[in-house]
Amino acid sequence: MSTFKESQRYRDLRQFLLCIVFYQAGITTVISLAAIYAEQVMKFSMQQTITLILVVNVTAAVGAFGFGYVQDAIGHMRAVAITLVGWIAMVVLAGSTQTVSGFWIAANLAGLCMGSSQAAGRAIVAYLAPPARVAEFFGLWGLAVKAASIFGPLTYGAVTWLFAGNHRLAIFATGVYFVVGLVLLAGIDVERGRREALAA
């Protein structure tokens, strides 16, 4: 609780943590419910679904590794912004495609974004946190991720329940979390936040 109160002194870090809550809600929902979406909407068999999950995990590893070089070149904030745009594109494609090949493209785009956005997010928290208290603020990062893992899937479930099992509408609703995350990200001045952290 004391760390949470202390975070009020670091406005850019606090806003980024809120940003994480939103975009992680979207990520957690996609990860948790991708198999259900594949089976219910795209009519994947169990074997196709398992294959999809395995391939996407490989894509995520490639994204986390390869995008690290991109982050170093363009900066972590821009890297997160690019991945959030990628997530939005993935949601639009997954929600609108009628073909298996289109869904495979969307799923692998999700894999690339998943690995890169999580790696960049951790780097930004470390950059904006006071150097002597990085571990404490990573605790808040963990809390943000856990909170997101609850209400993201709940939103998806509520939409499918309210709209007669409409999974396409639910995946579009999930995309709202990425849009809000992108808006919150735009209001962060990472260099100002770094100065506040170093002045602590």
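**Ground rules**

I am working with a predicted model, where local features need pLDDT of at least 70, side-chain atom pairs count only at pLDDT 80 or more, and totals for chains, interfaces and linings use all residues. Residues are numbered from 1 along each chain as its sequence is written, and side-chain values use heavy atoms, with hydrogens and water left out.

**Entry 1: helix α2**

I began with α2, residues 11–40. Helices here are DSSP runs of H or I with at least four residues, numbered from the N terminus (strands would be E runs of at least two). The expected span of a helix is 1.5 Å times one less than its number of residues.

α2 bends by about 55 degrees at Leu-33.

Gln-24 is buried, because its relative accessible area is 5%. I also listed its contacts (heavy atoms within 4.5 Å). Setting aside residues up to four places away in sequence, Gln-24 touches Gln-118, Val-145 and Ala-148.

Lys-43 sits in the loop between α2 and α3. Its phi is positive, about 60 degrees, although Lys-43 is not a glycine. I count Lys-43 as exposed because its relative accessibility is 61%.

**Entry 2: helix α3**

α3 covers residues 46–74, and its 29 residues reach 40 Å from first C-alpha to last, close to the expected 42 Å. There is a bend in α3 too, of about 30 degrees at Phe-67. Phe-67 is also one of the buried residues of α3, which include Thr-49, Leu-52, Val-56 and Gly-63. What do the buried residues of α3 pack against? I find α2, α4 (76–96) and α5 (100–128). Just after α3, Gly-75 takes a positive phi of about 100 degrees.

**Entry 3: helix α4**

α4 has 21 residues and reaches 30 Å between its end C-alpha atoms, close to the 30 Å expected. Its buried residues include Met-77, Val-80, Trp-87, Met-90 and Gly-95. The cover over the buried residues of α4 includes α2, α3, α5, α7 and α8 (190–198).

I stopped at Gly-86, which is found in α4 and counts as buried because its relative accessibility is 11%. Leaving aside neighbours within four places in sequence, Gly-86 is in contact with Leu-109 and Cys-113. I also took one distance: the C-alpha atoms of Gly-86 and Gly-187, 101 residues apart along the chain, are separated by 19 Å.

**Entry 4: the largest pocket**

A word on method first. On a 1 Å grid over the protein atoms alone, a pocket is an open set of points with protein on both sides within 12 Å along at least five of seven lines, and lining residues have an atom within 4 Å of a point; a cavity is a set where a 1.4 Å probe fits but cannot get out. Points are joined across faces, edges and corners, and a volume is the space filled by probe spheres set on them.

The largest pocket holds about 350 Å³ of space. Among its 23 lining residues, the closest to the centre are Val-30, Ile-31, Ala-34, Val-56 and Ala-110. α2, α3, α4 and α5 are the elements that give two or more residues to this lining. Which of the elements gives the most? It is α2, with 7 residues.

I sorted the lining by type, taking Ala, Val, Leu, Ile, Met, Phe, Trp, Tyr, Cys and Pro as nonpolar, Asp, Glu, Lys and Arg as charged, and the others, Gly among them, as polar. The lining has 19 nonpolar residues, 4 polar and no charged.

Ala-110 is buried, because its relative accessible area is 7%. Beyond its neighbours within four places in sequence, Ala-110 is in contact with Val-30, Trp-87 and Met-90.

**Entry 5: around the end of α6**

Leu-162 lies in helix α6 and counts as exposed because its relative accessibility is 57%. Ala-164 lies in the loop between α6 (134–162) and α7 (167–186). Ala-164 has a positive phi of about 55 degrees although it is not a glycine. With a relative accessible area of 77%, Ala-164 is exposed.

Key: The bend at a residue is the angle between axes fitted to the seven residues ending there and the seven starting there. Buried means under 20% relative accessible area, exposed over 50%, partly exposed in between (1.4 Å probe, protein chains only).
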